[in-house]
Amino acid sequence: MSPRRNTPRRRGARQDQRRAPFPGVVGNQQRESGSDGDWVVRRVSGAAATKTYRCPGCGQDIRPSTPHVVAWRAEGSSDDRRHWHSSCWEKREHRGVRFPRR
Ligand SMILES: [Zn+2]
């Protein structure tokens, strides 16, 4: 019997995604890790934004046709995705925005 060799490869995989030369091949999605955990982030173009969403960062509406980001927990289900203004998403680390828990 050989000992188990279950080398975790998550870190490497994340690096690969970030460095993908063609962002399109990973579906325009990337993993981001912050102080509040790991997230999957997808950029939504203005053309693809057809509804109004509430941004959890500033509490304001994201109007249709506004390019923004969708983020959800890497470990959770994608049902729990949230729509953010791009700038709010980038600022959330600095402002210490807490992802609301259910
Ligand atoms: Zn916002």
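## Pairing of S5 and S6

Strands S5 and S6 (residues 82-85) are paired in the antiparallel sense over 4 bridges; two strands count as paired if DSSP finds at least two bridges between them. Valine 69 has tryptophan 84 of S6 as its bridge partner, and alanine 71 has arginine 82 of S6. The model is a predicted one, in which local features need pLDDT of at least 70 and side-chain atom pairs count only at pLDDT 80 or more, while totals for chains, interfaces and linings use all residues. Residues are numbered from 1 along each chain as its sequence is written.

## Sheet and overall pattern

The protein chain contains 2 helices and 6 strands, in the sequence pattern α-β-β-β-β-β-β-α. Helices (H or I, at least four residues) and strands (E, at least two) are DSSP runs numbered from the N terminus. Of the contacts in the protein chain with a separation of 6 or more, 41% link residues 24 or more positions apart; a contact requires C-beta atoms, placed from the backbone, within 7 Å.

An open sheet of 4 strands has the order S1-S2-S5-S6, with antiparallel pairing. Strand S1 (29-34) and S6 stand at the edges with a single partner strand each, so one side of each lacks a neighbour in the sheet. Within the sheet, S2 (residues 37-44) and S5 (residues 68-73) pair in the antiparallel sense over 6 bridges, and histidine 68 of S5 is the bridge partner of valine 44.

## Nonpolar core

Buried residues make up 13% of the 102 residues in the protein chain. A residue is buried if 20 or more other C-beta atoms lie within 10 Å of its own, exposed if 12 or fewer, and partly exposed in between, with C-beta atoms placed from the backbone. The largest nonpolar core has 8 residues: Trp39, Cys55, Ile62, Val69, Ala71, Trp84, Cys88 and Trp89. S5 and helix H2 (86-95) are the elements that give two or more residues to this core. Such a core is a set of buried Ala, Val, Leu, Ile, Met, Phe, Trp, Tyr and Cys residues joined through C-beta atoms within 7 Å.

Not counting residues up to four places away in sequence, tryptophan 84 touches Cys55, Pro56, Gly57, His68, Val69, Ala71 and Trp89.

## Serine 65

Serine 65 lies in the loop between strand S4 (61-62) and S5. Its phi is positive, about 75 degrees, although serine 65 is not a glycine. Most residues other than glycine have a negative phi. Serine 65 is exposed, with 11 other C-beta atoms within 10 Å.

Technical notes. Contact = placed C-beta atoms within 7 Å.
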